[in-house]
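Please read them with the structure open.

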Amino acid sequence: ADLLFTHVTHDSMELGKAIHELFEGVSWVDETDVEGLIEEWQQASSATQETKQRAMEQFRQAMASDEVRQVLSKPEGVVSLWREKHFEIVFEDQWITGVFDRVTILRGPDGSPLHATILDFKSNEIANDAELADIAEYYRPQLMLYGKALSRMLQIDPSKVTLQLLFTCVGKLHSL
(Lines give C-alpha, C1' and ligand atoms only; values in the text may rest on other atoms or scores of the structure.)
Protein backbone atom coordinates (compact mmCIF):
# COMPACT_ATOMS: atom_id res chain seq x y z
CA ALA A 1 0.00 0.00 0.00
CA ASP A 2 2.86 2.40 0.76
CA LEU A 3 4.02 2.04 -2.85
CA LEU A 4 0.70 3.36 -4.16
CA PHE A 5 1.21 6.66 -2.41
CA THR A 6 4.85 7.33 -3.22
CA HIS A 7 5.73 10.30 -5.40
CA VAL A 8 7.46 8.12 -8.02
CA THR A 9 4.48 5.78 -8.38
CA HIS A 10 2.05 8.70 -8.66
CA ASP A 11 4.20 10.31 -11.36
CA SER A 12 4.45 7.01 -13.26
CA MET A 13 0.70 6.48 -13.04
CA GLU A 14 0.02 10.03 -14.19
CA LEU A 15 2.40 9.60 -17.15
CA GLY A 16 0.79 6.27 -18.06
CA LYS A 17 -2.67 7.87 -17.96
CA ALA A 18 -1.48 10.74 -20.16
CA ILE A 19 0.06 8.34 -22.72
CA HIS A 20 -3.17 6.33 -22.82
CA GLU A 21 -5.19 9.51 -23.38
CA LEU A 22 -2.98 10.48 -26.31
CA PHE A 23 -3.07 7.04 -27.94
CA GLU A 24 -6.84 6.86 -27.44
CA GLY A 25 -7.05 9.73 -29.92
CA VAL A 26 -5.36 7.67 -32.65
CA SER A 27 -7.72 5.77 -34.90
CA TRP A 28 -5.38 4.83 -37.74
CA VAL A 29 -1.95 6.37 -38.09
CA ASP A 30 -2.54 7.79 -41.57
CA GLU A 31 -5.74 9.49 -40.35
CA THR A 32 -4.08 11.14 -37.34
CA ASP A 33 -2.81 14.70 -37.15
CA VAL A 34 -0.28 14.13 -34.36
CA GLU A 35 0.30 17.80 -33.54
CA GLY A 36 -3.42 18.61 -33.68
CA LEU A 37 -4.16 15.67 -31.38
CA ILE A 38 -1.45 16.79 -28.94
CA GLU A 39 -2.75 20.37 -28.90
CA GLU A 40 -6.31 19.23 -28.24
CA TRP A 41 -5.16 16.83 -25.52
CA GLN A 42 -3.01 19.51 -23.84
CA GLN A 43 -6.00 21.80 -23.45
CA ALA A 44 -8.19 19.05 -21.96
CA SER A 45 -5.63 17.27 -19.77
CA SER A 46 -5.43 17.87 -16.05
CA ALA A 47 -1.88 16.46 -15.86
CA THR A 48 0.95 18.55 -14.47
CA GLN A 49 2.99 20.54 -16.97
CA GLU A 50 5.99 18.25 -16.39
CA THR A 51 3.88 15.15 -17.11
CA LYS A 52 2.42 16.78 -20.21
CA GLN A 53 5.91 17.49 -21.53
CA ARG A 54 7.10 13.93 -20.89
CA ALA A 55 3.93 12.45 -22.42
CA MET A 56 4.14 14.62 -25.52
CA GLU A 57 7.81 13.76 -26.07
CA GLN A 58 7.15 10.04 -25.62
CA PHE A 59 4.08 10.16 -27.86
CA ARG A 60 5.89 12.03 -30.64
CA GLN A 61 8.83 9.66 -30.45
CA ALA A 62 6.57 6.60 -30.54
CA MET A 63 4.51 7.95 -33.44
CA ALA A 64 7.72 8.51 -35.42
CA SER A 65 8.75 4.85 -35.00
CA ASP A 66 8.20 2.66 -38.07
CA GLU A 67 7.22 -0.23 -35.80
CA VAL A 68 4.55 1.85 -34.06
CA ARG A 69 3.29 3.34 -37.31
CA GLN A 70 2.91 -0.15 -38.75
CA VAL A 71 0.94 -1.51 -35.78
CA LEU A 72 -1.35 1.54 -35.79
CA SER A 73 -2.02 1.29 -39.55
CA LYS A 74 -5.40 0.11 -40.73
CA PRO A 75 -5.21 -3.52 -41.85
CA GLU A 76 -6.72 -4.73 -45.12
CA GLY A 77 -10.31 -5.92 -45.04
CA VAL A 78 -13.28 -5.14 -42.88
CA VAL A 79 -12.13 -4.13 -39.40
CA SER A 80 -13.56 -2.74 -36.18
CA LEU A 81 -11.49 -0.73 -33.75
CA TRP A 82 -12.03 -0.44 -30.01
CA ARG A 83 -10.09 2.15 -28.04
CA GLU A 84 -10.07 2.27 -24.22
CA LYS A 85 -13.05 -0.10 -24.09
CA HIS A 86 -14.13 -1.07 -20.58
CA PHE A 87 -15.38 -4.60 -20.00
CA GLU A 88 -16.69 -6.87 -17.29
CA ILE A 89 -17.07 -10.61 -17.68
CA VAL A 90 -17.39 -13.65 -15.48
CA PHE A 91 -14.78 -16.18 -16.50
CA GLU A 92 -14.07 -19.45 -14.68
CA ASP A 93 -16.03 -18.25 -11.60
CA GLN A 94 -13.98 -15.07 -11.52
CA TRP A 95 -15.32 -11.55 -12.12
CA ILE A 96 -12.94 -9.78 -14.49
CA THR A 97 -13.03 -6.04 -14.97
CA GLY A 98 -10.62 -4.31 -17.28
CA VAL A 99 -9.98 -1.90 -20.09
CA PHE A 100 -8.75 -2.91 -23.52
CA ASP A 101 -6.36 -0.16 -24.61
CA ARG A 102 -6.83 -1.01 -28.30
CA VAL A 103 -8.45 -3.95 -30.05
CA THR A 104 -8.49 -4.44 -33.81
CA ILE A 105 -11.07 -6.96 -35.00
CA LEU A 106 -10.83 -8.44 -38.49
CA ARG A 107 -14.30 -9.41 -39.72
CA GLY A 108 -15.53 -11.80 -42.37
CA PRO A 109 -17.89 -10.88 -45.23
CA ASP A 110 -20.88 -11.56 -42.97
CA GLY A 111 -19.49 -9.29 -40.22
CA SER A 112 -18.53 -12.10 -37.87
CA PRO A 113 -15.17 -11.76 -36.06
CA LEU A 114 -12.37 -13.84 -37.58
CA HIS A 115 -9.33 -12.57 -35.67
CA ALA A 116 -8.56 -9.93 -33.06
CA THR A 117 -5.43 -8.18 -31.83
CA ILE A 118 -5.16 -6.72 -28.36
CA LEU A 119 -2.62 -3.91 -28.15
CA ASP A 120 -1.74 -2.79 -24.64
CA PHE A 121 0.22 0.44 -24.15
CA LYS A 122 3.03 0.41 -21.59
CA SER A 123 4.93 3.57 -20.70
CA ASN A 124 7.63 1.82 -18.62
CA GLU A 125 11.12 3.19 -19.04
CA ILE A 126 13.19 0.46 -20.69
CA ALA A 127 17.00 0.33 -20.59
CA ASN A 128 17.59 -2.58 -22.99
CA ASP A 129 15.99 -5.54 -24.79
CA ALA A 130 16.52 -7.90 -21.83
CA GLU A 131 14.64 -5.52 -19.54
CA LEU A 132 11.89 -5.19 -22.15
CA ALA A 133 11.52 -8.99 -22.23
CA ASP A 134 11.37 -9.17 -18.42
CA ILE A 135 8.73 -6.46 -18.20
CA ALA A 136 6.72 -8.14 -20.98
CA GLU A 137 6.72 -11.36 -18.96
CA TYR A 138 5.47 -9.42 -15.95
CA TYR A 139 2.45 -8.29 -18.00
CA ARG A 140 1.84 -11.70 -19.63
CA PRO A 141 -0.79 -12.90 -17.08
CA GLN A 142 -2.84 -9.71 -17.55
CA LEU A 143 -2.78 -10.01 -21.34
CA MET A 144 -3.53 -13.74 -21.29
CA LEU A 145 -6.60 -13.05 -19.16
CA TYR A 146 -7.65 -10.22 -21.48
CA GLY A 147 -7.20 -12.55 -24.45
CA LYS A 148 -9.45 -15.19 -22.89
CA ALA A 149 -12.05 -12.55 -22.06
CA LEU A 150 -11.99 -11.16 -25.60
CA SER A 151 -12.24 -14.58 -27.24
CA ARG A 152 -15.32 -15.27 -25.10
CA MET A 153 -16.84 -11.85 -25.87
CA LEU A 154 -16.30 -12.25 -29.62
CA GLN A 155 -17.03 -15.99 -29.59
CA ILE A 156 -13.81 -16.88 -31.39
CA ASP A 157 -11.15 -19.43 -30.54
CA PRO A 158 -8.44 -18.03 -28.19
CA SER A 159 -5.83 -18.94 -30.84
CA LYS A 160 -7.44 -16.25 -33.02
CA VAL A 161 -6.50 -13.51 -30.53
CA THR A 162 -3.05 -11.93 -30.84
CA LEU A 163 -1.58 -10.29 -27.74
CA GLN A 164 0.82 -7.37 -28.13
CA LEU A 165 2.49 -4.86 -25.84
CA LEU A 166 3.53 -1.49 -27.21
CA PHE A 167 6.33 0.03 -25.15
CA THR A 168 5.80 3.71 -25.88
CA CYS A 169 9.01 4.95 -24.26
CA VAL A 170 11.16 3.08 -26.78
CA GLY A 171 8.64 2.70 -29.62
CA LYS A 172 8.86 -1.10 -29.66
CA LEU A 173 6.25 -3.77 -30.10
CA HIS A 174 6.44 -7.06 -28.21
CA SER A 175 4.16 -9.97 -29.10
CA LEU A 176 3.27 -12.49 -26.42
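1. Leaving aside neighbours within four places in sequence, L22 is in contact with L37, I38, W41, A55, M56 and F59, where contact means heavy atoms within 4.5 Å. L22 belongs to helix 1 (residues 7-24). At 0% relative accessibility L22 counts as buried; buried means under 20% relative accessible area, exposed over 50%, and partly exposed in between, with a 1.4 Å probe and protein chains only. The C-alpha atoms of L22 and Q42, 20 residues apart along the chain, are separated by 9.4 Å.

2. The basis of these notes is as follows. This is a predicted model, in which local features need pLDDT of at least 70 and side-chain atom pairs count only at pLDDT 80 or more, while totals for chains, interfaces and linings use all residues. Residues are numbered from 1 along each chain as its sequence is written, and side-chain values use heavy atoms, with hydrogens and water left out.

3. The chain has 5 helices and 5 strands. Helices (H or I, at least four residues) and strands (E, at least two) are DSSP runs, numbered from the N terminus. Their order along the sequence is α-α-α-α-β-β-β-α-β-β.

4. Helix 3 (residues 49-64) contains Q58. Is Q58 buried or exposed? Q58 is buried, because its relative accessible area is 8%. Not counting residues up to four places away in sequence, Q58 touches L15, I19, S123, T168 and C169.

5. Q61 is also found in helix 3, but Q61 counts as partly exposed, at 47% relative accessibility. With residues up to four places away in sequence left out, Q61 touches C169 and V170. C169 is also one of the residues that Q58 touches. Between the C-alpha atoms of Q61 and L166, which are 105 residues apart along the chain, the separation is 13 Å.

6. Strand 1 (residues 78-91) and strand 2 (residues 94-107) run antiparallel and are joined by 13 bridges; two strands pair if DSSP finds at least two bridges between them. Within this pairing, I105 in strand 2 is the bridge partner of S80. The two strands form a hairpin with 2 residues between them, and E92 in the turn has a positive phi of about 50°. E84, which lies in strand 1, likewise has a positive phi of about 50° although it is not a glycine. I would ask a reader to look at the backbone at both E84 and E92.

7. Strand 3 (residues 113-122) runs parallel to strand 4, with 7 bridges joining them. I118 stands opposite L163 in strand 4. How many of the 7 residues of strand 4 are buried? The count is 6 of the 7, so strand 4 is largely enclosed by the rest of the structure.

8. On the pairing with strand 5, strand 4 (residues 161-167) and strand 5 (residues 172-175) are antiparallel over 4 bridges. K172 in strand 5 is the bridge partner of F167. The hairpin has 4 residues between the strands, and G171 takes a positive phi near 65° there.

9. A further positive phi occurs at Q155, a residue other than glycine, with a value near 60°. Q155 sits in the loop between helix 5 (129-154) and strand 4. At 74% relative accessibility Q155 counts as exposed.

10. For a chain of 176 residues, a compact globule would have a radius of gyration near 16 Å, and the 17 Å of this chain agrees with that. The radius of gyration is taken over C-alpha atoms, and the globule rule is 2.2 Å times the number of residues to the power 0.38. Along the principal axes, the C-alpha atoms fill a box of roughly 45 × 40 × 35 Å. Of the 176 residues, 45% count as buried. Among contacts with a separation of 6 or more, residues 24 or more positions apart account for 60%.

11. The chain exposes about 10,000 Å², of which carbon and sulfur atoms supply 50%; the areas come from the Shrake-Rupley method with a 1.4 Å probe. There are 16 positive and 29 negative side chains, and the centres of the two sets lie 5 Å apart. Lys and Arg count as positive and Asp and Glu as negative, with His and the chain ends not counted. Each charge is placed at NZ of Lys, CZ of Arg, CG of Asp or CD of Glu.
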